[in-house]
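This report concerns the salt bridges of a predicted model. The sequence and structure are shown below.

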Amino acid sequence: MNEKNLNEVIKSENRKRLIGIILVVAGFIGFMFTPIVGAPLAIIGFFLAISATNNLKNKVGNTLAREVLGEYFDDFTYEPEGYFNEHLFDDVDMALPGYNRLSANDFITATYKDHKLKICDLNLEEVYNDGKHTHTTTVFQGPFIEAAYDKDIKTPVTVAKDKFTLFKKSIDTESEEFNSRFNVYSDSEHDAFFILTPHMMERIAKVNDLAGDDIFINFNVGKLYFAIDNHHNNFELDMSQKSVDDIKQDFKKDMDYILEVLDELLEGLD
Amino acid sequence: MYIVIAIAVVVLVVVVWLISTTNKFKRLEIKIDEARSDIEVALEKRYDMLTKMLDVAKGYAKHETDTFAKVINLRKGMSLKDLAQSDNDMSEMQSGLLALAESYPELKSSEVFIELQDGIRDAEEHLQAARRVYNSNVTAYNTAIVMFPASLLAGGRGAKDFYEADEKKHEDVKMQF
């Protein structure tokens, strides 16, 4: 599909989405007066909006995501519904918030500056039922990244924002300011200091300021993992995007954000 | 009756404090010994790499290597000062070897030499980490034995010395956040 066709699809599906939303609202209002009319309206509107969203994602979003990724990486794969092995999120100790429901998508594999890279969007929720209602709280939403690196450590080192963890004692570095902002966990104090050089600690602080959100980092054996709780899902489409250029610009912002953080961390490892 | 219970509670608290404080000193002393051991291991690795590098360099420029090759003392149980001296001696020899390599392009581009350079860099990074761990634990120990009321139990424990970096390489590390 060329750009002109894509723009037409965007306009048409956005129009459908808008109509769907209007029908849902009208349906809810109508339901209060005439349920037999209001209910079908709301249902039709709901499915119309969902169908338009899915069409946009499948016909436009995935195509443009691949185009944008092609501008950043020579060789990559993109799976819109794919993600890491679910057990990875439990196995890699990143001091992520507790959750009991996980969803992820937009799985990318690529090589970036000689580092093998994997990225996905991660959404963690805590769901509980108090007997009457089910409550869902999103405890983490943002990108989760794995990057290969070649520092020689034997035990993982986790760096997380200052959160109280009952069973773990944080390792104190020689920087009081770093210690006040982050907790460092590792079974090996030596490996923690090996990875967290003064240069690296500056980078982590800078990355945290850049990200402006909670950042979770795990230096594992051969792999760096980091996750940013920026309450944002990458490569998503919304009605404010009126054209191919709007969408590509937003997708590029998503990638620039992730790669800026990654660049800082990789620089700290050099 | 209540007075007896109150006294028992106070005694219990004091005993618990005595045990935990004494154990804290011992724990810090063990951590310092472990950190010192890590320094020795890192120095040994660096020494091995340097010895091999010297052998490789002799194959290209025996006379020149003889001018800066020195006997480096490294053995278990050395004092901190002697370890630091060995560290400095190794740094000097390494500088000499690298300077020599600049004059001998075949040596500099030799695969074995490059591999040994990477190995030494790795050993130095581990040595740097071991030094920092050691000094960090010494700071914690020296602070613990002077803080009141723990200082009452410090008894004959004296402050431990830091592992000083090479004077030539000594520079302020300014961290900007």
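A residue is termed buried when its relative accessible area is under 20%, exposed when that area is over 50%, and partly exposed in between. Lys248(A), with a relative accessible area of 18%, is therefore buried.

Over all chains of the predicted model, the search of the whole structure finds 25 salt bridges.

| Pair | N to O distance |
|---|---|
| Glu67(A) and Lys248(A) | 2.9 Å |
| Lys151(A) and Glu125(B) | 2.9 Å |
| Arg157(B) and Glu29(B) | 3.0 Å |

**Pair within chain A.** The side chains of Glu67(A) and Lys248(A) form a salt bridge. Because Glu67(A) belongs to helix H2 (residues 35–72) and Lys248(A) to helix H7 (residues 244–269) of chain A, the contact ties together parts that are 181 residues apart in sequence. Glu67(A) is partly exposed, at 36% relative accessibility.

**Pair between chains.** Lys151(A) forms a salt bridge with Glu125(B). This pair crosses from the loop between strand E4 (134–148) and strand E5 (157–161) of chain A to helix H4 (residues 111–144) of chain B. Lys151(A) is buried at 18% relative accessible area, whereas Glu125(B) is partly exposed at 30%.

**Pair within chain B.** Arg157(B) is partly exposed, with 22% relative accessibility, and Glu29(B) is partly exposed, with a relative accessible area of 21%.

**Network.** Salt bridges also link Arg203(A), Lys206(A), Glu264(A) and Glu267(A) in a network.

How values were computed: Residues are numbered from 1 along each chain as its sequence is written. Chains are lettered from A and ligands numbered from 1 in the order in which they are written. This is a predicted model: local features need pLDDT of at least 70, side-chain atom pairs count only at pLDDT 80 or more; totals for chains, interfaces and linings use all residues. Side-chain values use heavy atoms; hydrogens and water are left out. A salt bridge is a side-chain nitrogen of Lys or Arg within 4 Å of a carboxyl oxygen of Asp or Glu. Helices (H or I, at least four residues) and strands (E, at least two) are DSSP runs, numbered from the N terminus. Buried means under 20% relative accessible area, exposed over 50%, partly exposed in between (1.4 Å probe, protein chains only).
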